[in-house]
Amino acid sequence: MGKKLKAGVIGGGGSSTTFHAPVYLADENIEFVGILDPAEISRQRCLKTLGPLGLTASQLFDDEKVFMDQGLDMVSICVPNVQHRSVMVACAEKKIHVLCEKPPAINAGEVAEMISAAESANVKLVWQFNNRFRPEARWMWSHIFPHYNSPIGDIVTAQAEWVRRNGIPGRGSWFTQKAMSGGGPIIDLSIHVMDLALFAMGYPKPTYVMATASDLFINDMDACGPWGFSDPDGIMDVETASQGMVLFEGGKSMQYRASWAERIVKERVACVMQGTKGGVLLERTFGQDGIDDTAIDKCIIVQQSFGQPSNNEFIGLRDPFMGRRTSVKAFIDSIVSGQRNPLLPEPEDGLTMMKMIDAMYESAKTGKPVEIVW
Ligand SMILES: NC(=O)c1ccc[n+]([C@@H]2O[C@H](COP(=O)([O-])OP(=O)(O)OC[C@H]3O[C@@H](n4cnc5c(N)ncnc54)[C@H](O)[C@@H]3O)[C@@H](O)[C@H]2O)c1
């Protein structure tokens, strides 16, 4: 085995301690430098959660300069969305490869800056679009790619949906404040399932976007989800639900729905796609809404065989982490080996996604279709 590479995580909240740090701590090719977080309470939680996995107090940093001077090769960025850009640019200046949590940033202009910083510093910039790494998604890709012999053919339309009944995350936290998060369920949830649709379609450029956004149940404390503390007086100035349609270059299209709060029967995460030869359903449903440990995942490939409808269904081991840890591992391996994993998102995927999301917010605000000019 060669020299270990040095890795760290910036931000010590939920995504860091549950999805990122445990993977670095367990990787034999990694020397885990530690976690940077200015908040004492977060560092204490890190120690409590990750102590049993081997994290020690000496691996917790509150000083950015000291952390950034540790000779890091790679980091995961797990801070509130509004800080993705500045933290990523600081990493690029130190020649550190970056896995950045989703959304890439709070708007496309910031993403363009991040891509340019990565290019100038010659470092890798990868987005945490983890749904690509769900077991049933990996099975699906093995059927969809390469396109020339796919049983589904070329994917031309998709319906992407992540809808919650009572799933406002930590009312009053940074998640529900537009200035810090960039928005509600459009930027927080639908990004996961829209990435599946776009990736399957070859990341076509969106040309027209039509979207709505509502704030129904915005002050309903029953609509708060099971994560974090919800404050009835906290700031909540983002949408609670949205739906719309996107047209792409080449005539492809996608409809989407996203909600944190809606009067629906159950939470559902799904990407349904229609191709020139067959179709696909990829879906997560929950025993208990919002609790990943109770999720049921499936993928069905829909075909016509010998003149009859036929389905090919993936029945695999559950991954409650929804591909999040597998995606981190793929990032680590790609940096260690120098070999690109074709499922890892390209920097431009994040830019295309954020241009589309910016257009959704603009369309919802103006009540008009928005053209994206490339
Ligand atoms: N891929 C997924 O499914 C998934 C799931 C949850 C969250 N996320 C994303 O992960 C990111 C973090 O979300 P979270 O749920 O962990 O939030 P969180 O609020 O639990 O944690 C954020 C942490 O970042 C720290 N922080 C703030 N500014 C910092 C800075 N400049 N340097 C270092 N630390 C800083 C805060 O003190 C806090 O401890 C967000 O972008 C979110 O969208 C992704």
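Which loop holds F217? F217 sits in the loop between β8 (206-214) and β9 (241-248). The model is predicted. The domain assignment of the protein chain gives two parts: domain 1 (5-130 + 327-345) and domain 2 (131-320 + 351-371).

**Backbone features**

- Phi of F217 is near 65 degrees. That is a positive value in a residue other than glycine.
- Most residues other than glycine have a negative phi.
- K102 and P103 are joined by a cis peptide bond. Its omega is about -10 degrees.
- Most peptide bonds are trans.
- P103 belongs to the loop between β5 (97-100) and α5.

- The centres of domain 1 and domain 2, taken over C-alpha atoms, are separated by 25 Å.
- Domain 1 puts 18 residues into the contact, and domain 2 puts in 17 residues.
- On the side of domain 1 that touches domain 2, α5 (108-121) and α9 (324-337) each supply at least two residues.
- α5 gives the most to that side, with four residues.
- The side of domain 1 that touches domain 2 divides into 13 nonpolar, four polar and one charged residue.

**α1 with α2**

- The axes of α1 and helix α2 (residues 40-50) come within 11 Å. They cross at roughly 60 degrees.
- That angle makes α1 oblique to α2.
- The crossing of α1 past α2 is right-handed.
- From α1, the contact takes T17, A21, P22 and L25. From α2, the contact takes R45, C46, T49 and L50.
- The contact of α1 with α2 comprises five nonpolar residues, two polar and one charged.

**α1 with α9**

- The axes of α1 and α9 come within 9 Å and cross at roughly 45 degrees.
- α1 is therefore oblique to α9.
- α1 and α9 form a right-handed crossing.
- On α1, the residues of this contact are F19, H20, P22, V23 and Y24. On α9, they are R324, R325, V328, K329 and I332.
- The contact of α1 with α9 has six nonpolar, one polar and three charged residues.
- P22 of α1 takes part in the contact with α2 and in the contact with α9.

**α5 with α10**

- The axes of α5 and helix α10 (residues 347-366) come within 8 Å. Their crossing angle is roughly 170 degrees.
- Angles over 145 degrees count as roughly antiparallel, so α5 and α10 are roughly antiparallel to each other.
- α5 passes α10 with a left-handed crossing.
- A108, V111, A112, I115 and A118 make the contact from α5. P347, G350, L351, M354, K355 and D358 make the contact from α10.
- By class, the contact of α5 with α10 holds eight nonpolar, one polar and two charged residues.

Notes: Residues numbered from 1 in each chain as written. Predicted model: local features only at pLDDT ≥ 70, side-chain atom pairs only at ≥ 80, totals over all residues. Axes fitted to C-alpha atoms, helices over the stretch in contact; angles between N-to-C directions. Parallel < 35°, antiparallel > 145°, perpendicular 65-115°, else oblique. Left-handed = near helix turned anticlockwise from the far one by under 90°. Contact = placed C-beta atoms within 7 Å. Nonpolar A, V, L, I, M, F, W, Y, C, P; charged D, E, K, R; others polar. Domains from an automatic or database assignment.
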